[in-house]
Amino acid sequence: MIFLIISSLLTIGNPGDSSQVKESADGYQLVWSEEFDKNGAVDTTVWQFEKGFVRNNELQWYQPQNAWCENGKLIIEARRETKPNPRYKEGSNDWREKRKEIDYTSASINTRHSKTWQYGRFEIRAKIIAKPGLWPAIWTLGVSGEWPWNGEIDIMEYYKGDILANVATGTNQRWNAKWFSTHKPVSSFKPNWDQDFHIWRMDWDANSIKLFVDDLLLNEVKLTDANNPDGSNPFKQPHYLLLNLAIGGDNGGDPSKTEFPSRYEVDYVRVYQK
């Protein structure tokens, strides 16, 4: 049995089980967790589904049937499948409406209407597939304000060969973000790194946002540097969590030669606060 050692935690457990660390050495207490231990449908009292074509000119149609719980994991499955686009309108210039057919499906879930947090330590154990065209993410959005003035934190993104850890604020141009980004090539990790589960972590307080993978610090942003142009700070408000697997679009790359179906698996989500 292989044990994962997290130096900041008092309790150490097998990374494959669902035991919960209740308290950390630096004063964090577990306030909420999702262990995905019940096989079957995703708990919709906690998670809400996005539906259809949503953002970034992405290729996938989001639908609930592409996400479920199995053997203690959340499974989000991307599929290559052809379906008629119910939003299709001949002659439309809207990217959501001008596609006659859906070529890919996937799922996106969030806690917008059920769980929000301001500050804390967020730990998510997950396994991604680092293949062209796939765009899995663990991220948060602020509850108030239009994007990106509400603030975005990308605890994890993968696309085009890189792991990303990002923070975004507003600018004077509508729907144009100011990004604080870090890119780390998957190739810089050990071979077949994406075939294992990894722990993505965010430590967020009134001073900074720190983003980690397996205790490796990827990005640190001071909140004093992350104000909107009017001086408001989108990270001094509650945020909600999103888990999704996108395909293609503005950043995801070309999935045409990627094997499908492809699964993004999440073992647990744990939130600690002081």
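Let's start at Asn 57, which sits in the loop between β2 and β3 (60–62); strands here are DSSP runs of E with at least two residues, and helices are runs of H or I with at least four, numbered from the N terminus. Phi of Asn 57 is near 55°, a positive value in a residue other than glycine. Asn 57 is partly exposed, with a relative accessible area of 34% (buried means under 20%, exposed over 50%, partly exposed in between, with a 1.4 Å probe and protein chains only).

A word on the source: this is a predicted model, where local features need pLDDT of at least 70, side-chain atom pairs count only at pLDDT 80 or more, and totals for chains, interfaces and linings use all residues. Residues are numbered from 1 along each chain as its sequence is written, and side-chain values use heavy atoms, with hydrogens and water left out.

Asp 214 also has a positive phi, near 50°, in a residue other than glycine. You will find Asp 214 in the loop between β14 (208–213) and β15, and Asp 214 is partly exposed at 36% relative accessible area.

Asn 219 is buried, with a relative accessible area of 9%. Its contacts (heavy atoms within 4.5 Å), leaving aside neighbours within four places in sequence, include Ala 165, Phe 180 and Leu 211.

Two peptide bonds deserve a look. The bond from Trp 147 to Pro 148 is cis, with omega near 0°, and Pro 148 lies in the loop between β9 and β10. The bond from Phe 260 to Pro 261 is cis too, with omega near 0°; Pro 261 lies in the loop between α1 and β17 (262–273).
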